[in-house]
Amino acid sequence: YSKSIAANTTEELTFEDDGITQNIVLNALKEQGKEQNFKKVYGGLHHILSGKDYRLLREGNTLFLIKILGNNACHIQLINADSPKKVLKNILEFLKAIQKANYKEVQFDTTNQKIVDFLEHQGYTVKHQNNKNYVVSL
């Protein structure tokens, strides 16, 4: 679907390697008790990735759905099947990879203040935009 924007440790996924993607999506949904939504979620991923505005990267058992915003900025959503400790490591690896691809700003939505605190502790500048939207400066 696109050229990779990732560092060596982060893999860009296409729907040719469905096994990994499917397992992560299914396990993430199982964690939420929503495995019955698998076809809808997976089909939605396939649909939006067929366009040019989205990319999908993986680190560990975390998928990063990236919407390209322009001006070296993107918005991410996570689909996570890793432990809380591992997902934080995965986020750091993702930020390193996206920074190597010359992105300067990553937007994300969260209600989990621990993620914001963790990123700030790692030296990132995190700004609260509105409601649950945050921006990490790279």
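Predicted model: local features only at pLDDT ≥ 70, side-chain atom pairs only at ≥ 80, totals over all residues.
**Gly70**
- Gly70 belongs to strand β3, which spans residues 62–70.
- Asp53 lies 17 residues from Gly70 in sequence. The C-alpha atoms of Gly70 and Asp53 are 9.6 Å apart.

**Helix α4**
- Helix α4 runs over residues 113–121. Its buried residues are Ile115, Val116, Phe118 and Leu119.
- These residues cover an arc of only 160 degrees around the axis, so they sit on the same side of α4.
- That buried set packs against α3 (84–100), β5 (105–109), β6 (125–130) and β7 (133–137).
- Exposed Lys114 and His121 are carried on the face turned away from the buried side of α4.
- Asn112 makes a contact at the start of α4. One of its side-chain oxygens comes within 2.9 Å of the backbone nitrogen of Lys114.
- Gly123 follows α4 and has a positive phi, near 100 degrees.

**Largest pocket**
- The largest pocket holds about 810 Å³ of space.
- Its lining has 29 residues. Nearest the centre are Gln77, Leu78, Ile79, Asn80 and Asp109.
- Two or more lining residues come from each of α1 (18–31), α2 (38–49), β4 (73–80), α3, β5 and α4.
- By type, the lining has 19 nonpolar, seven polar and three charged residues.

Notes
Residues numbered from 1 in each chain as written. Heavy atoms only, no water. Helix = DSSP H or I, 4+ residues; strand = E, 2+ residues; numbered from the N terminus. Buried < 20%, exposed > 50% of the residue type's maximum accessible area, 1.4 Å probe, protein only. Arc of directions from axis to C-beta. Contact = heavy atoms within 4.5 Å. Polar contact = N/O pair within 3.5 Å; in protein donor to acceptor, adjacent residues only side chain to side chain. 1 Å grid on protein atoms, 1.4 Å probe; cavity = no way out; pocket = protein on both sides within 12 Å on 5 of 7 lines; lining within 4 Å. Points joined across faces, edges and corners; volume = space filled by probe spheres on them. Nonpolar A, V, L, I, M, F, W, Y, C, P; charged D, E, K, R; others polar.
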